[in-house]
Amino acid sequence: MSSEIIESVFLTPIPSSYRKELGKNAYIDNIGMQRLEWVVCARSSSGAEGISIANRLMREGTVESTLAYLKSALLGREVEQLLEISEGVVTGAGPGMDRWYRRNGWMTILAFDLVGKVQGVSAIDLLGGPKHDSVPAYDTTLYFQDFLNPSRGAQQVADEAYQALTDGWRAVKLKIGRGGRWMLPEAGMERDIDVVLGVREAVGSDVKIYVDANFGYDNQFDLLDRFIKEVTPADIFWFEEMITHSVDGYKQMREILAKYGSGALLTCGEVDRDPISEIFQDLIDGGLIDGYQPDIVGHGYLGWMDIERQLAGTGVRTIPHNFGNGSFGTYASIIWGAASETYVSLEDERAIPCYLTALPEFIKGAYTLPTGPGLGVDIDYSGYAPHSKHENRITV
Ligand SMILES: [Mg+2]
């Protein structure tokens, strides 16, 4: 690699739209139609562009503070200094970069993209090469859609799951935990059961069903027991965040699953902001969870490399959280999913692409692997044009 430097960086807010309105989950009110992606793009001397989104930094930051951060972290820096690479595979942060990446894992994804594009290699290869031919994905847009359409009730969720099947999806995740906040606990559990059984009936036996309670069954072990009993015949692939992570709670859940003969995975960890924190390490060491879910963009590729090193040999699988990462998150997840040995399934918001070039082909519920350098995606400047009015650019 010649001595390319990063000559300019822009930060642009771009709304990514869903294909429908998304309802509540166990605690958060309606998600709505849109989320904002804080797109960051760093351009090098030869015109190569590395892309990511800085949503985590912007959660508490301002445009002004984030630009100051990007200026210190990236502007004027040599591209070959971004990552440490040995025999074509990334081994860690480039010199002096660790402090910038530590709380901003999303920036490591930009680094893989830019380095890959400058070197003409795929980020999948920088991560050690593909482990799979395609990356399975699931539709994660089945919120409490029954609350958006009360007259249809649980049938509304079943109808939307059937639509996902028609659109080519082979796995769906259902938000449950209605009794956590929006309904009385018992009535909420009954609705959850109706939703799960209704969806299974609608999509048939070949579609994987995951459920996610966002802790909606906390302090309700009797109801959790009944829920698991009733939905086990519907063949649930994983139970996510049924309760807040605790060793005793997860031991109880293991017992409930065993009692009803469920082979479902137990998954959690999306709330772990500093993985792997002590409680999650306890769950992993105790063999109490099967999948671990820190956010893919929040922790980035270097963060996830570190997580997977620690998970090696535990049997716990990689299932990164991706909700809220919009269209960019799908591209970032495909790369990671392709390179991760223990990856299960990509959480896909199915955001309508507006500022990025086309996704790889989606066949039988899985994305084919991108073939281009870096993440295999570029800014589509015709789609980007209307958003350039809100662009904030810094240059050397
Ligand atoms: Mg979740």
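Two residues are said to be in contact if their C-beta atoms, placed from the backbone, lie within 7 Å. The legends below concern a predicted model, in which local features need pLDDT of at least 70, side-chain atom pairs count only at pLDDT 80 or more, and totals for chains, interfaces and linings use all residues. Residues are numbered from 1 along each chain as its sequence is written.

**View 1. Glu 84 and its contacts.**
Glu 84 is placed in strand E4, residues 83-86. Helices (H or I, at least four residues) and strands (E, at least two) are DSSP runs, numbered from the N terminus. Leaving aside neighbours within four places in sequence, Glu 84 is in contact with Val 90, Thr 91, Gly 92, Ala 93 and Gly 94. Is Glu 84 buried or partly exposed? Glu 84 is partly exposed, with 15 other C-beta atoms within 10 Å; a residue is buried if 20 or more other C-beta atoms lie within 10 Å of its own, exposed if 12 or fewer, and partly exposed in between, with C-beta atoms placed from the backbone. Met 97 stands 13 residues from Glu 84 along the chain, and 9.8 Å separate their C-alpha atoms.

**View 2**
Strands E4 and E5 run antiparallel and are joined by 4 bridges; two strands pair if DSSP finds at least two bridges between them. Leu 83 has Ala 93 in E5 as its bridge partner. The hairpin has 2 residues between its strands, and Glu 87 takes a positive phi near 50° in this hairpin.

**View 3. An open sheet of 4 strands.**
The strands of this sheet follow the order E3-E2-E1-E16, with antiparallel pairing. Strand E3 (49-53) and strand E16 (392-395) stand at the edges with a single partner strand each, so one side of each is left without a neighbour in the sheet. On average, neighbouring strands of the sheet are turned by 25° against each other, direction ignored. Strand E1 (residues 6-22) runs antiparallel to E16, and 4 bridges join the two. Within this pair, Ser 8 stands opposite Thr 395 of E16. Helix H4 (residues 106-119) lies across strand E2 (32-44) and E3, running at about 160° to E3. Axes are lines fitted to C-alpha atoms, for helices over the stretch in contact, and angles run from 0 to 180 degrees between N-to-C directions.

**View 4. The contact between the two domains.**
The domain assignment gives domain 1 (6-127 + 378-395) and domain 2 (134-368); such bounds come from an automatic or database domain assignment. The centres of the two domains, taken over C-alpha atoms, are separated by 26 Å. The contact takes 40 residues from domain 1 and 39 residues from domain 2. Elements that give two or more residues to the domain 1 side include E1, helix H1 (55-60), strand E5 (89-93) and helix H14 (381-384). E1 gives the most to this side, with 8 residues. The residues on the domain 1 side divide into 20 nonpolar, 11 polar and 9 charged. Here Ala, Val, Leu, Ile, Met, Phe, Trp, Tyr, Cys and Pro count as nonpolar, Asp, Glu, Lys and Arg as charged, and the others, Gly among them, as polar.

**View 5. The setting of these views in the chain.**
The chain has 14 helices and 16 strands. Along its principal axes, the C-alpha trace spans about 60 × 45 × 40 Å. Buried residues make up 49% of the 396 residues.
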